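Please have the model open as you read.

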Amino acid sequence: MCSGTRWAPVAERIAVVGAGVNGLATAWALRRGGHDVVVYEQFELGHTRGSSHGRTRIFRLAYPETNWVRLAQEALVGWRELEQESGEELLLLNGMLEFYREGVTSSQQALEECAADCELLSREETEMRFGVSPGKDSFVLFQPDAGVVYSDRALTAFARRLDIREHHRVESLGDVEEKVVVVTAGAWARRLLEPHGIDLPVIETRETVAYFRLEGRVPSVVAEVVTKGHGFYSLSDPVHGLKVGIHKRGKPADPGEVAGADPALVAEIAEWTRERFPLADPEPIDPQSCLYTTTDDERFILERHGRIVVGSACSGHGFKFGPAVGNRLAALALEALA
Ligand SMILES: Cc1cc2nc3c(=O)[nH]c(=O)nc-3n(C[C@H](O)[C@H](O)[C@H](O)COP(=O)(O)OP(=O)(O)OC[C@H]3O[C@@H](n4cnc5c(N)ncnc54)[C@H](O)[C@@H]3O)c2cc1C
C-alpha cells in the first residue's frame with residue numbers, strides 16, 4: 001500500500017492511528033491536498049475486529065435533524081468523488097424506508113428543509129412495491145437518495161496510494177514521531193487518549209448482525225424510530241440478499257477481546273426478519289459481531305488538543321459520513337501542522 005511518494009521531514013508529516021473508515025478518509029483527504037500522511041494500523045486492512053468491516057452499511061440522508069441531513073449530503077458528494085477517482089461503484093442508491101410510530105418525529109421535515117426528496121407511503125403500498133411489511137402501527141417514509149455504501153470496497157478505494165503501516169500498533173501517542181497525530185482508533189481510542197488527559201465520553205459495545213437469503217435488492221430499512229436513533233435496521237447484502245441488525249443492544253465490550261455474535265440477539269433479529277420480510281428465508285446465516293463506540297446522544301467527537309486530533313465518529317451510524325468526517329479531521333490536522 002506504499003504510495004512511493006517523496007517524504008517530507010517528520011516535522012511536516014501527519015500520522016493517522018487506525019485504518020478504519022474514518023482514518024482512511026482522513027488520510028485520503030490529506031493526500032488529495034498534497035500532504036504527507038502515514039497511517040498506522042495494529043491489524044491488517046479490512047480486519048474484522050473493529051467497526052468498519054463487512055460488505056455493506058446503510059447510506060441515508062434521512063435523519064430527523066437537519067445538521068445530520070446536511071452532513072450526509074456533503075458525504076454523498078465525497079463518495080461520488082471517491083467513485084470517480086477509484087473507478088469503483090461504492091454506492092447502491094435504491095432507497096430507504098423509515099418505519100416510525102405515532103408521536104415520533106420522522107425525517108420528513110428535516111429532509112424537506114434540506115431540499116431532499118421523500119414520500120409518505122401507506123403500509124399496503126410498501127408491501128406491494130418492496131415486499132417489506134412495516135407492521136400494523138407503523139407509518140412509512142421513503143427516501144430515494146439512500147441504500148447502501150459498499151463498505152469493504154470503500155476501504156480499499158480510500159487506501160489506494162496511501163502509505164499504510166499494517167501490524168503496527170501505536171502503544172503511546174508520545175512515541176509517534178510525526179508532528180501531528182490524528183487518533184481514529186475506534187473502540188481503542190478512549191484508552192489511547194486517557195494518558196494525555198483527554199477524556200473521550202464514549203462506551204464500547206459489541207453489536208450483532210445476521211444475514212438472510214433473499215432474492216433481489218431491497219431498500220434499506222430503519223425501523224422502530226424513536227426520539228433518538230432507532231431499533232432494528234436492514235439493508236441489501238450482495239452475497240446473501242439481506243443483512244439485519246439491532247441498534248445499540250449489545251453489551252459493553254473490551255475491544256482487546258475477540259468474541260462473536262450474541263445468540264439471544266440473533267434470535268430477536270430472526271424473529272423481526274420473519275415478520276417484516278415474508279419473502280426471505282427466516283434461517284439466519286453467518287451471524288457476526290462489530291464494535292460500537294457510542295456517545296450519549298450519538299454525536300461525533302471531532303476536536304483538536306494541541307498536536308492530537310481526535311476523530312470518534314461511530315455511535316453505530318458513522319460509516320456513511322466517512323468522506324465528510326475525513327474532511328473535517330484533515331482540516332483540524334492542518335491547523336495543528338501550521
Ligand atoms: C454492527 C454495525 C452496524 C453498523 N451499521 C452502520 C450503517 O448501516 N451505516 C453507517 O453509516 N454506519 C454503521 N455503523 C457504524 C460504522 O461502521 C462506524 O461508525 C465506523 O465503521 C467507525 O469507523 P472508525 O474508523 O471510527 O473505527 P474502526 O473501524 O474500528 O477503526 C479503528 C481502527 O483503529 C485501529 N487501532 C486501534 N488502536 C490502534 C493502535 N493503538 N495502533 C494502531 N491501530 C489502532 C483498529 O485496529 C481499527 O482498525 C455500524 C457499525 C456496526 C458495528
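The notes below cover the ground rules, then the lysine, then the rings.

## Ground rules

This is a predicted model, where local features need pLDDT of at least 70, side-chain atom pairs count only at pLDDT 80 or more, and totals for chains, interfaces and linings use all residues. Residues are numbered from 1 along each chain as its sequence is written, and side-chain values use heavy atoms, with hydrogens and water left out.

## The lysine K243

You will find K243 in strand β14 (residues 241–246); strands are DSSP runs of E of at least two residues, helices runs of H or I of at least four, numbered from the N terminus. K243 is buried and has no salt bridge, with D237 as the nearest side chain of opposite charge at 6.9 Å. Buried means under 20% relative accessible area (1.4 Å probe, protein chains only), and a salt bridge needs a side-chain nitrogen of Lys or Arg within 4 Å of a carboxyl oxygen of Asp or Glu.

What lies 2.9 Å from a polar atom of the K243 side chain? The backbone oxygen of T56 does.

## Aromatic rings

The whole structure holds 13 aromatic pairs. Rings of Phe, Tyr and Trp (its six-membered ring) pair if their centres lie within 6.5 Å; planes under 30 degrees apart are stacked, over 60 edge-to-face and the rest tilted. W79 and F158 make a tilted pair, 5.6 Å centre to centre with 45° between the planes.

Methods. Buried means under 20% relative accessible area, exposed over 50%, partly exposed in between (1.4 Å probe, protein chains only). Lys and Arg count as positive and Asp and Glu as negative; His and the chain ends are not counted. A polar contact is a pair of N or O atoms within 3.5 Å; within protein, one must be able to donate a hydrogen and the other to accept it, and residues adjacent in sequence count only if both atoms are side-chain atoms.
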